[in-house]
Structures are given as structure tokens and as C-alpha cells.
Amino acid sequence: MLKKNLPNLLTISRVLAMPAIILSFYIQGKYASLITILIFAFACITDFFDGYLARAWKVQSKFGRLFDPIADKLIVVSTIIMLIYKQKINGYTIIPAIVIICREILVSGLREFLISINVSLPVSNAGKIKTFLQMIAVVVLIVDNYETTQYIGMACLWIAAVLTIWSCYDYVYASMKQIN
């Protein structure tokens, strides 16, 4: 029974991690960034394992197909919004953040529509790389104690935004083929 439900439980735990990540941005002190990074890293690790285990154990579910991408988007978008709020993302770096947020909303809507007409849209390689770079960017921007890490985080965010546009195009193109 646990084997069948563990991937979905990991997805749910990622959704539940979102409020913890948001609250962690309000922690003061020496270890505040570390706490935020640990919670975010936990969410990222569950993102990998829920899909991997579901495929490996052949227990993929409609719940997982619907909520896994939603959980990913909630974690990434809420953390990016908190980084903007805390001014760790500012200036021109807000542009890739907005691009990423808008893409996540658009792709969520497309996925929901495609699910309603019984069409599955697999995650593209560009989408996987984009997600990985977003996660790296977020972790580095949370640290933000050194000028070098700030530049690395911003560069990863910009590259992720370019991949975001590319993968969004893939989703829109595939969706339009289904609609027509």
C-alpha cells in the first residue's frame, strides 16, 4: 500500500513545504538562509523521487500527473516571489522572474485543458533543464551572501528564463496541434 501511495505522498509533502518555505524567509539570524535552503532542497528532492518512483514501481496515477507539475510550480513561483519580496531578485533580474512565473501559469492552464480532453503532454528535456536551473538559481539567490553567488544566481535565472520561453513554445505548439 505504501509503495502505491508514496509518490503521491511525496507530491503532497512538496505542496505542504510551500508554506514552510514562505515562513522561513521571515526567520532572522545566522542560519535563516540555511533553513530556507534545506526546506527548498527537500522539496526539490521530492520532485525527483515522486516521478522516479512512480515510473519505477509502475504506480503512476492521474493524481500524480495532475498535481506533480502543480506542486513544482507552487514551490518555484512562491519562492521566486519571496526572493523578489526580500529584494534578492531586483532590478533587471525581475524580468526573468516574471517570464518564469507567467510561463508556469500558462503551461498549467494548457496542461489542465489537455487533461480535460484526455491528452497527455510529457515534460520536455528543455523543461527538465529549465526546472533544474531554476532550482539552482533559487538556492544560490537564497544564499546571496557573496557578490559572486549573486551573479551566478542571476545568470542561472536568466538562462532558465530563456529555456522557459523555449519549453513554453514546445508546450504551446503541441497544444495547438491538439486543439486543431
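Helix α2 (32-56) contributes the most to the lining of the second largest pocket, giving three residues; helices here are DSSP runs of H or I of at least four residues, numbered from the N terminus. A pocket is an open set of points on a 1 Å grid over the protein atoms alone, where a 1.4 Å probe fits and protein lies on both sides within 12 Å along at least five of seven lines, and lining residues have an atom within 4 Å of a point. The model is predicted, with local features needing pLDDT of at least 70 and side-chain atom pairs pLDDT 80 or more, while totals for chains, interfaces and linings use all residues. Residues are numbered from 1 along each chain, and side-chain values use heavy atoms, without hydrogens and water.

The second largest pocket has a volume of about 220 Å³, the volume being the space filled by probe spheres set on grid points joined across faces, edges and corners. Among the 14 residues lining this pocket, Ile-27, Ala-32, Ser-33, Lys-88 and Ile-142 are the closest to its centre. Its lining comprises five nonpolar, six polar and three charged residues; Ala, Val, Leu, Ile, Met, Phe, Trp, Tyr, Cys and Pro count as nonpolar, Asp, Glu, Lys and Arg as charged, and the others, including Gly, as polar.

Turning to the largest pocket, its volume is about 1,400 Å³. It is lined by 46 residues, and Arg-55, Asp-68, Pro-69, Arg-111 and Val-123 lie nearest its centre. By class, this lining holds 21 nonpolar, eleven polar and 14 charged residues.

Definitions and conventions: Helix = DSSP H or I, 4+ residues; strand = E, 2+ residues; numbered from the N terminus.
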